[in-house]
Amino acid sequence: MALSSSSFSPTSPSSHPGSRPVSCPRFTTARHLASFHRPRPPLLPASAIASLRALSNPFSVSRAVSRSKAHAGGRQTRFSIKACSQASAAGSNPLSEKISELRDSCWRFLRPHTIRGTALGSIALVARALVESPELINWRLTFKAFYGLIALICGNGYIVGINQIYDIGIDKVNKPYLPIAAGDLSVESAWFLVLFFAAAGLLIVGWNFGSFISSLYSLGLFLGTIYSVPPFRLKRYPVVAFLIIATVRGFLLNFGVYYATRAALGLTFKWSSPVAFITTFVTVFALVIAITKDLPDVEGDRKFQISTLATRLGVRNIAFLGSGLLLANYLGAILVAIYMPQIFRRSIMVPAHAIFALGLILQAWVLEQAKYTKEAISQFYRFIWNLFYAEYIIFPLI
């Protein structure tokens, strides 16, 4: 509302008949004192000063707003809001704003939904190893577990970061909110981050977990590299891309974390039935993620001639394929609990996976009713990730 400076004059009436003047003794006093001092140029525009004065007296603001809306159709509101914004910006700290923007860009660069999956997976596997050998729990190993989690997050950051660096053009169409595609993070800064993540992760693993885990960690980084980087760029080949994602997020993460935890407890590696189950289950789940992750990206993939199952078979068919594989996964989990009650807790395994399966069916129905719009597809993909998190949450309890 263009609350002009005269609207808040302590002595001048409103420019419209019938309106009452707004009284403000404090500013009246200041006005009288002005006759004894030489006037100084204002530090802010007149409109900004008027807005700041208005903010100091909410009652006068509300009445002036009413008058402005009644006589000017609200057109003046925009100017006042703009003036307030300018005044607020003038008092802000540019350095703190830049730091905040950089922090936000780095966080988006890390792809938070993948970090949650990595963190939950590692915590669940460590918890399971401790549940199996509670007498060996040593709280001094907490720091070692924390280092391992940091190393996994660094590896995750390297893999998703290197993919963004080589997918800028595609991301400008499919994921314009990502920091490089949006212009919030330079390519040079992105390279610095991915190299830092790779070096930090390798150093942490090498110093704390020995040569075998270091080899597994290096294998994960290598697979993440050839997935995105030319001339390999294996993401162009759907079957190979699915196998890489399933291997890294399914087998390497679960086997590696469980092996490292048992080694830290002074135990040799031995498969347990629950760990064999979660490794198999999550590997299949990672395959589903690899299939469905291309659903929201069909437009950009077609534009840049990236061949995926979604571009070849269509969004609807891939959504049904992914849902079918997950439902088979859940049915297998229920059957395992029924036929192996001495190992698994039926009271948790059966109802939990039945609920997950019903939720998936409902979400697939919602996607069908929405006619596979981009928003509905994105929501469906996010729901699959939520199911992935949920599996790790219940794993230590099964």
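Colleague: Where is Pro231 found?
Modeller: Pro231 is in the loop between α10 (210-228) and α11 (238-264). Keep in mind that this is a predicted model.

Colleague: What kind of peptide bond joins Pro230 and Pro231?
Modeller: A cis peptide bond. Its omega is about 5°.

Colleague: What about Arg233? Which loop is that in?
Modeller: Arg233 also sits between α10 and α11. It has a positive phi of about 45°, although it is not a glycine.

Colleague: Is Arg233 buried or exposed?
Modeller: Arg233 has 11% relative accessibility, so it counts as buried. The cut-off for buried is under 20%.

Colleague: Which other residue has a positive phi without being a glycine?
Modeller: Arg111 does, with a phi of about 55°. Arg111 lies in the loop between α5 (94-109) and α6 (112-132). Its relative accessible area is 16%, so Arg111 is buried.

Colleague: Back to α11. How many residues does it have?
Modeller: α11 has 27 residues. From first C-alpha to last it reaches 37 Å.

Colleague: Where does α11 bend?
Modeller: At Thr247, by about 35°.

Colleague: And what comes just after α11?
Modeller: Gly266, which takes a positive phi of about 85°.

Colleague: Fine. How many residues of α12 are buried?
Modeller: 14 of its 20 residues, so α12 is mostly covered by the under 20% cut-off.

Colleague: New topic: His353. Which helix is it in?
Modeller: His353 is in helix α16, residues 346-369. His353 has 0% relative accessibility, so it counts as buried.

Colleague: What is His353 in contact with?
Modeller: Leave aside neighbours within four places in sequence. Then His353 is in contact with Phe277, Phe281, Tyr330, Ala333, Ile334, Glu391 and Ile394.

Colleague: And Asn163, where does that lie?
Modeller: In helix α7, residues 142-165. Asn163 is buried, with a relative accessible area of 18%. Beyond neighbours within four places, Asn163 is in contact with Tyr227, Ser228 and Lys235.

Colleague: Is Phe143 buried or exposed?
Modeller: Phe143 is exposed, at 57% relative accessible area. Phe143 is found in helix α7 too.

Colleague: Which residues form a nonpolar patch on the surface?
Modeller: Phe143, Phe146, Tyr147 and Ile150. Together they have about 410 Å² of accessible area.

Colleague: Now the whole chain. How many helices and strands are there?
Modeller: The protein chain has 17 helices and 0 strands. It has 398 residues, and buried residues make up 43% of them.

Colleague: What is the accessible surface of the protein chain?
Modeller: About 21,400 Å². Carbon and sulfur atoms account for 66% of that.

Colleague: Last one. How far apart in sequence are the residues in contact?
Modeller: Take contacts between residues at least 6 apart in sequence. Of these, 75% join residues at least 24 apart.

Conventions:
Residues numbered from 1 in each chain as written. Predicted model: local features only at pLDDT ≥ 70, side-chain atom pairs only at ≥ 80, totals over all residues. Heavy atoms only, no water. Buried < 20%, exposed > 50% of the residue type's maximum accessible area, 1.4 Å probe, protein only. Helix = DSSP H or I, 4+ residues; strand = E, 2+ residues; numbered from the N terminus. Contact = heavy atoms within 4.5 Å. Expected span 1.5 Å × (residues − 1). Bend = angle between axes of the 7 residues up to and from the residue. Patch = residues over 30% accessible without salt bridge, like charges linked within 9 Å, V, L, I, M, F, W, Y side chains within 5 Å. Areas by Shrake-Rupley, 256 points an atom, 1.4 Å probe, with all protein chains shown as cover. Salt bridge = Lys/Arg side-chain N within 4 Å of Asp/Glu carboxyl O.
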